[in-house]
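The structure is shown first.

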2 protein chains.
Amino acid sequence: MSTNRLIYLPLGGAGEIGMNTYVYGYGPEDRERLIVVDLGVTFPDMDTAPGVDVIMADVSWLEERADRIEAIFITHAHEDHIGALGHLWPKLKKRVYARRFTAAIGRLKFDEAGLPTDVIHTVEARPAVVEAGPFRVQFVPVAHSIPESAALIIDTPAGRILHSGDFKLDPSPIVGEGWNEALFREIAAETPVKALMCDSTNVFSPLPGRSEATLADPIHGLIANAGGLVVATTFASNVARLKTLAEAGRAAGRSVCLLGRAMQRMVKVAQETGVLTDFPPIIPSEHATEVSRQNLMLIVTGSQGERRAATAQLSRGKYLGLELKEGDTFLFSSKTIPGNERGVLRIMNSFSEMGVDVVDDTGGRYHVSGHANRPDLEQMHEIVKPQMLIPMHGEHRHLREHVKLGEQRGIPGEIVTNGMMVDLSGDAPEVVEYIETGRLYLDGSVLIGAMDGVVRDRIRLALNGHAMVNVILDENDDPLGEAWVELSGLPEVGKRGQGLADLMETELTEFLETAPAKVMRDDDKMDEAIRRVVRQVAVEEIGKKPEVTVVVSRLATE
Amino acid sequence: MSTNRLIYLPLGGAGEIGMNTYVYGYGPEDRERLIVVDLGVTFPDMDTAPGVDVIMADVSWLEERADRIEAIFITHAHEDHIGALGHLWPKLKKRVYARRFTAAIGRLKFDEAGLPTDVIHTVEARPAVVEAGPFRVQFVPVAHSIPESAALIIDTPAGRILHSGDFKLDPSPIVGEGWNEALFREIAAETPVKALMCDSTNVFSPLPGRSEATLADPIHGLIANAGGLVVATTFASNVARLKTLAEAGRAAGRSVCLLGRAMQRMVKVAQETGVLTDFPPIIPSEHATEVSRQNLMLIVTGSQGERRAATAQLSRGKYLGLELKEGDTFLFSSKTIPGNERGVLRIMNSFSEMGVDVVDDTGGRYHVSGHANRPDLEQMHEIVKPQMLIPMHGEHRHLREHVKLGEQRGIPGEIVTNGMMVDLSGDAPEVVEYIETGRLYLDGSVLIGAMDGVVRDRIRLALNGHAMVNVILDENDDPLGEAWVELSGLPEVGKRGQGLADLMETELTEFLETAPAKVMRDDDKMDEAIRRVVRQVAVEEIGKKPEVTVVVSRLATE
């Protein structure tokens, strides 16, 4: 009997949507050789991570075992799969494998970050194989909302794993390879699939997914009938959508211009890597103002309401000399990701104020999802016939529903969330260990831990405001001058109509005059007492308890 | 020719959803007698108003003209129509009129706030008339998602206005009066309607609205088939829904218990005012733990994910001795208001982790809206046949769409947003003035202006963190001791691996040693220079520019 085992350990993306980070291992317990699949980010919000740039999985567990890692595989170039590669690679320093388009995007990121681009290796699709220790990995083309998305066949001595990546069953995705049922049947027939790790994003969508190709007619119709300037936004990486939009613009006799660096870059990379061959001609943005508005179409970044992207800029007024007005049309060929609603609605209302006709995804005419819906997932289960189903890419409720769905056709499943290490060697997945996981925040230029308290303090400052108290004591612990209070994020005047800082200073001065010596000479006691005085005044005057920072300076004779 | 005019001035609710506040005036220019319709609140979010409790319209314009106000009318008891009454009434101090249920809710609020409850007068429905200066006002029962919602007939010497309030065309709303088409035809036949001020919330919903009564069967079916404990949440004020839920629970042989003060209060007031006559018996929450889970149904507050409400409490574990587990069912009989999605999803996932089956509004089986949909609005236009249509209760895009909808059947409309005063005396609305409007924030116990800078500072603290610098100078402007830096919401260590505060202190000490005397003796120059040093270190070390507070203490010889 072999003592080797096959393990699966999600560090991100299982129990949440975003920051996909998965680990597979094979070998003797605690000496397994490891591969990493995807290193993605997720995006912060003001409620939980104000000021943070992006969020990624804490990979301490991997870092401590870097000598056991064979390679890193990236399924596709969406930020929630590749976005952390540049930030986390310096901790792991292993070879990275991806398909041509994904690798090109990765190298651009590495180049900008000053990292070595030659560690990123381009892999051809199956039947090409990457050997990585005990793993033999093949990239299987799948349709998604970005070019060259891939499922991974991960062959191990303990059996075949199919890691779906993000996918949909789209036979005509406009750009790149369509859904190839025969190929997946072949993969399952070739070697039985021990475990299917499967995208769960759309498990709650009851109808079969629609093809990217179904959008061409409605989009062409909309643009053909539009009067003034036409602007459309979608995800920059949805190159197929960009193509449909641009073709519709050209068909309506409009010059097409791409606004937004991310979008221009995606099209450029897609063309350079050969995945996009017949994109309509586009005009440079500096020429856009020379075209009459009824002959112009802009395709712009910022479908999620990002403050600095072109959509938001246009909603605030003139941008690159272009300005929307009465009679123009703005198409959101996108869905709004939960959490971004308010920002997107704010922009739609700004356009409405300009007299612009805003067309969004209501009714589903101008956008389709890039993920397999519930019946599509059932079809995938049926084709692959895995021995076990382990849902990924989903919040807990998605994973739970997906397991139920699999069980309906007799496929045993397991909800495996971030930090759960499961042994796949036997007939059913077995949880063998719980790894401490967490999140890293890129905050400015440094990575901080989500639990470091930095962000918690920021949230408290935002909710409660900040009072800073300054007290100077002489060598006898007597106050030199009066207490000084500075307030941030607090009302200047309280309910008695007097300055809040003044009232605090008065109360503190009285406290300092009467405080016993044992308090005055003890920094901790001083801190506590001053904090209490400040908060008491605040509660009485403004009904809030601010954060308080106390600085007691003790001047010694020099 | 009369010099009197009829004016309409929204101060809140027109160009946004929430904080409804409308003014009508009649009389000579700038001496019009005024009435106020609704004084509502809207709710803050972390992105724009961290730490704020509720938001309401700035009523300075009204306050300055308080002697011209005849009365305040409240259409119904939703917070976005009545929520600011207790906060703003002390600025206006006028008689308040509302129907029985609404008035009772208002008096409870006044009682808690220590305001005189006898200023709130109960009005019977039409044909009862309130005379308020030149205005004759009638309350017309309409169906909505709270008992006794009313449209207002506002008769003036310049003609009849119909102010719709929130309404839907529901012939069987379970609690209270249903949609009465004949009544509205009668109103229009009696006196031509000069202007219809109309709810626009659901103008983008293409299908006719569904009746509250359509929910009974699906909800009964769901609960009859549920195994373990059943919990349902909806808006506390949706008394009809509470009744449907409670009846379904009883029909399934379950004891029903209401959790959450707001919900208990709504049912109590509805019963006391006679609008709710046959609510099923409920058990007190302290007895709920004595009932076996398959015989218990909880109806709880917190459908929007409010942190302190029962739903969120249950998602975090045991609450009042009750705990959800595998096999229980949790029904969200509600829709999620934009901006609350992340919080609600977080709760759903917590329930999923407990093994609870979460049922939400997907598919629309368990919730209906309380607002008139697009075809319903068209029906209202057709019945009322107003001379002009002025949409309200909506973001700009809703108002714009609603004007278009009216124009399709030949009713001229005007988009009138907060602060636009229009003269309705002529055949079409004419904009006569733009009033400076804004928002007031209830922040703890004080009202602050949205533009006071308090909240802006909090947002900056949350995004950038805070550095406080303390420098003490002697009478010769020489430093006494070293600079002292305290950080909040910033990483402790920068990219060089050294303490960030230490590095700043070192740089500041060097600066203090070398700064020219003309800087050292000038507070403004010192402040600016110190700020620059701190920010420079921060940018180098952590890639962020924190907020900086500088305190320079100058010790004079005493």
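## Interface of chains A and B

In this predicted model, 64 residues of chain B are in contact (heavy atoms within 4.5 Å) with 63 residues of chain A. The two chains bury about 5500 Å² between them, buried area being the accessible area (1.4 Å probe) lost on putting two parts together, summed over both. Carbon and sulfur atoms account for 57% of that area. B:Met46, B:Arg342 and B:Arg400 supply 12% of the area that chain B buries against chain A, more than any other three residues.

The rule finds eight salt bridges across the interface, each a side-chain nitrogen of Lys or Arg within 4 Å of a carboxyl oxygen of Asp or Glu. B:Lys544 and A:Asp443 meet in a salt bridge at 3.0 Å, N to O.

## Strand β17 of chain A

Strand β15 (residues 230–233) of chain A pairs with β17(A) in the parallel sense over four bridges; pairing requires at least two DSSP bridges. A:Thr233 has A:Val300 as its bridge partner. Strand β16 (residues 255–259) of chain A also pairs with β17(A) in the parallel sense, over five bridges, and A:Val256 is partnered by A:Met297.

## Conventions

Residues are numbered from 1 along each chain as its sequence is written, and chains are lettered from A in the order in which they are written. Local features need pLDDT of at least 70, side-chain atom pairs count only at pLDDT 80 or more, and totals for chains, interfaces and linings use all residues, while side-chain values use heavy atoms, with hydrogens and water left out.

Methods
Helix = DSSP H or I, 4+ residues; strand = E, 2+ residues; numbered from the N terminus.
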